Amino acid sequence: MGIVEKDLVLEQNLCSAQNFCSGGNYSLQISMYTPMQLLTLEFNTSHPVDIKLCGQLTDSVCPEQDTDIDQPNTVEEQTTLTTGHHHLWDVDAALFPQTTYIFRVVEMGTDTGCSASQDLAGLQYVEYTITFQRLCDAR
């Protein structure tokens, strides 16, 4: 798993001091100098799977942002999913002070959705929670 534009692989050494990566949880800092644009999150898997975006939560926009987006955003389960070995997701992580994405990786073709019980984690799906934190320009 990684960020294409930064040529960055998400690994344990990129996590916060509290070892926040355990269990598929990642917390990443984004520089205030990163352009306000979409980033591409890449998943590569050894066998074909479906990856579903099960949630997105964003804070209000950074003050220097020149877009029409001006409110926090919450996304519930989407019907969009990717299938196969190579998965690319455009994420708006660089636009907000904090953005959290929740992805579920399931066996290809199964009907395990985002509403499946947390008790089934590790059995029917693997969940990744990725939080991006950006320092806003202090103008």
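## Disulfide

One disulfide is counted in this structure, a disulfide being a pair of cysteine sulfur atoms within 2.5 Å. This is a predicted model, in which local features need pLDDT of at least 70 and side-chain atom pairs count only at pLDDT 80 or more, while totals for chains, interfaces and linings use all residues. Residues are numbered from 1 along each chain as its sequence is written, and side-chain values use heavy atoms, with hydrogens and water left out.

The bond joins cysteine 54 to cysteine 114, with an S to S distance of 1.9 Å. It links distant parts of the chain, 60 residues apart, since cysteine 54 is in strand S4 and cysteine 114 is in the loop between S7 and S8; strands here are DSSP runs (E, at least two residues), numbered from the N terminus. The disulfide is left-handed because the torsion about its S-S bond is about -75 degrees. Both cysteine 54 and cysteine 114 are buried, that is, under 20% relative accessible area with a 1.4 Å probe and protein chains only.

## Salt bridge

The count of salt bridges is one, where a side-chain nitrogen of Lys or Arg must lie within 4 Å of a carboxyl oxygen of Asp or Glu. Arginine 104 pairs with glutamate 127, and their closest N and O atoms are 2.7 Å apart. This pair also links distant parts of the chain, with arginine 104 in strand S7 and glutamate 127 in strand S8, 23 residues apart. Arginine 104 is buried, its relative accessible area being 3%.

Methods:
Helix = DSSP H or I, 4+ residues; strand = E, 2+ residues; numbered from the N terminus. Buried < 20%, exposed > 50% of the residue type's maximum accessible area, 1.4 Å probe, protein only.
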